[in-house]
Amino acid sequence: MSKRFRDASLSHQLAVIAGLACLLISLALVALAATSSRHMQKVQQAEFGDALAQQIARRIGVALETGDLLNVAASLHRFVESSSAGKVAIFDVEGRALGEAGNVDGEHLTEYQAPVLIGPDVAGEVVLTLSTDVAETARMRFLLSLFGLSIVLSLFVYAMARKATQQLLANRLQRQAHTITLDDSGRAPLPANELLQLQYHVDALPMDLLRARTGSGPNEANYRDTAVLYLHLISLSAYLDTLDETSLHRYTDRLHQIVYAAAGFYGGHLQVVRQFGLAVFFSGNSSGGSAAFRAASCAWLVRSVSKALEKKMSLSMNMSMAVAQSELGRGDETDIYPGLYIQSTLDELQTLCSSMPPQVMLSPGVCEDIDVSSRLEQRDSELGDYAILEEFLSPWDDLLERQLRLTLKRLGGPL
């Protein structure tokens, strides 16, 4: 479909389609009429030619019975003059011409044969030639008149379809397009097609503002056991009223880099959960171990990196950390139930870290994890049932040391 036709008005498109459909149907009917008329004409001509040939054969048979060839020739001439036969010839049984009369010219010539009988015996054959030019010309005129009528009918259908479409459809679409128009100023020229105009105005609508958001349903990952590393930013609470905005932004950005880099080694998801509290969520199992073990490893790495960077900074990066487990995950914007459920765990960790324990604390559920109990050392504390993270066993301590060096190198700290 050409671009010009695609951009034309809807009334013109539908009128052209209706006109072409009418023309195709009319031409199909004309073709059917041509085939039918040609068949009927051939049948009628064959019946007439055979009857005419038999008639002259009977007359010639009487003359041949007496052997009078002059009478035969005279009969042929009289027959040509008194009938529509163009040419008549008679041949004996051996194919020799016994007589001939008339002459015929034309593009459409048809021959008809009939036997000449003398009693029960065949004495020869009559060959009659007819010209069908007149009948063929009449048939062509009839077909041309039908073809012309089909064109006139198609033009009439085109005009009526265009008028009806413009009144019943195109004008209504234009009114709807103008109804939803937001701004006409500075826009490009609109196409003549009413559907394209409507599409242009619909595309210009702020659909994100008009469409209500729907949740995608519960996420299976939010309903698995999740380890939570809570970080209480002790130094940040003290610097909030002492640092200028630029320095405070650089300081928080540095804290973010440390925690984010450490969490990246173990697939943790960082989130701000309190004014001075960060939480890193770990769920599922991976090559790095269970969620609880990865949370403990991340806590050790954050503490080691922050203490190493403190030696090159004028500001402190003091923070308290604790790891606990929750039956559900952190949730998301499409499913808030897990996020509501985990708040009690976050409140417990916030209360614990507010007492500013100097070491990384592990909840009883974390201590019971198989990977935690077999890969690191812990000791009891005075803070309820929570234990203190002492150190990691080999070879996981070597892995953490390598991660520490990589993180310090990436953050520009000491090696």
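A helix crossing is called left-handed if the near helix is turned anticlockwise from the far one by less than a right angle, and right-handed if clockwise. The crossing of H8 and H14 here is right-handed.

First, some ground rules. This is a predicted model, where local features need pLDDT of at least 70 and side-chain atom pairs count only at pLDDT 80 or more, while totals for chains, interfaces and linings use all residues. Residues are numbered from 1 along each chain as its sequence is written, and side-chain values use heavy atoms, with hydrogens and water left out.

Helices (H or I, at least four residues) and strands (E, at least two) are DSSP runs, numbered from the N terminus. Back to that crossing: H8 (residues 245-265) packs against H14 (residues 396-411) at about 140 degrees, with the axes 11 Å apart. Axes are lines fitted to C-alpha atoms, for helices over the stretch in contact, and angles run from 0 to 180 degrees between N-to-C directions. Contact means heavy atoms within 4.5 Å. On the H8 side, the contact uses Arg 254, Gln 257, Ile 258, Ala 261 and Phe 265, and H14 brings Gln 403, Leu 406, Thr 407, Arg 410 and Leu 411.

Now the sheet. Seven strands make an open sheet with mixed pairing, in the order E6-E7-E5-E8-E9-E11-E10. Two strands count as paired if DSSP finds at least two bridges between them. E6 (269-274) and E10 (376-380) are the edge strands, each pairing on one side only. E5 (residues 226-233) and E8 (residues 319-326) run antiparallel to each other over eight bridges, and His 232 sits opposite Ser 320 in E8. Helix H11 (residues 343-354) lies across E5, E6, E7, E8 and E9, at about 150 degrees to E8.

A search of the whole structure turns up three salt bridges, each meaning a side-chain nitrogen of Lys or Arg within 4 Å of a carboxyl oxygen of Asp or Glu.

| Pair | N to O distance |
|---|---|
| Asp 347 and Arg 274 | 2.4 Å |
| Asp 371 and Arg 375 | 3.9 Å |
| Arg 379 and Glu 390 | 2.1 Å |

Buried means under 20% relative accessible area, exposed over 50%, and partly exposed in between (1.4 Å probe, protein chains only). Asp 347 is partly exposed at 36%, whereas Arg 274 is buried at 18%.

Asp 371 and Arg 375 both lie in helix H13 (residues 370-375), four residues apart, or about one turn of the helix. Asp 371 is buried at 19%, and Arg 375 is buried at 17%.
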